Amino acid sequence: MMKPSLFALLLTTVVLAGSPAAAERHMMQPLVPVDKLAEARALKSPLPNSREIVAKGKAIYDGKGGCFNCHGTDGGGNGPAAAQLKPAPRNFRHHGFWRHRTEGEIFWVIKYGSPRTSMIGFGPVLSDDEIWSVIQYEQTFSGGHGQGRMGRGEGMGPMMGPGGGEHRGRRGGMDE
């Protein structure tokens with residue numbers, strides 16, 4: 001028979017594992033392998049921010065890329081296939097997703113996939129420009145919050161520091 005203190009510890013562990021704090025830890029974990037982080041963080045989109053690029057990205061997200069199947073039509077990680085995936089697909093609406101990684105890291109994961117997740121590499125299916133377009137579209141799910149580090153080359157790091165409190169896109173908005 002378990003002692004009450006051991007039972008309480010087990011119960012607390014189970015509760016915390018399913019808590020928002022556990023989801024936050026998952027959200028904060030980079031998906032680029034450590035030996036590829038510098039390479040990924042150095043990548044920068046060659047595309048201008050524009051409504052046309054966002055529209056192209058949406059068409060790819062909803063069509064050829066099939067991103068909505070896992071990430072959902074609203075980017076919340078709640079697509080039709082999401083329930084079967086462990087870990088759960090990334091939630092693009094979560095401020096932590098955009099705040100703690102660079103656009104290069106996101107590009108790298110879309111192109112090459114992510115070990116120990118269900119995220120496959122789309123490099124054989126999507127061109128680099130198509131991937132950058134999808135990223136611009138995915139940024140629209142953030143609602144403009146939490147994009148302080150996006151594109152600054154810092155990626156995961158302290159929550160505060162250079163650019164840590166700013167809330168703007170990687171280039172500060174769309175070109176007209």
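Modeller: Helices (H or I, at least four residues) and strands (E, at least two) are taken as DSSP runs, numbered from the N terminus. This is a predicted model, in which local features need pLDDT of at least 70 and side-chain atom pairs count only at pLDDT 80 or more, while totals for chains, interfaces and linings use all residues. Residues are numbered from 1 along each chain as its sequence is written, and side-chain values use heavy atoms, with hydrogens and water left out.

From the N terminus on, the elements of the protein chain run α-α-α-α-α-α-α-α, which is eight helices and zero strands. Of its 176 residues, 41% count as buried (under 20% relative accessible area; exposed is over 50% and partly exposed lies in between, with a 1.4 Å probe and protein chains only).

A pocket is found on a 1 Å grid over the protein atoms alone, as an open set of points where a 1.4 Å probe fits, with protein on both sides within 12 Å along at least five of seven lines; lining residues have an atom within 4 Å of a point. Grid points are joined across faces, edges and corners, and the volume is the space filled by probe spheres set on the points. The largest pocket holds about 660 Å³ of space. Its lining has 35 residues, and L31, V109, S114, T117 and M119 lie nearest its centre.

By type, the lining divides into 22 nonpolar, eight polar and five charged residues (Ala, Val, Leu, Ile, Met, Phe, Trp, Tyr, Cys and Pro count as nonpolar, Asp, Glu, Lys and Arg as charged, and the others, Gly among them, as polar). At least two lining residues come from each of α5 (68–71), α7 (103–112) and α8. The largest share, four residues, is that of α7.

The loop between α7 and α8 contains G123, which counts as partly exposed because its relative accessibility is 27%. G123 is in contact with I110 and K111, leaving aside its neighbours within four places in sequence (contact means heavy atoms within 4.5 Å). The C-alpha atoms of G123 and Y112 are separated by 6.2 Å, although the two residues are eleven apart along the chain.
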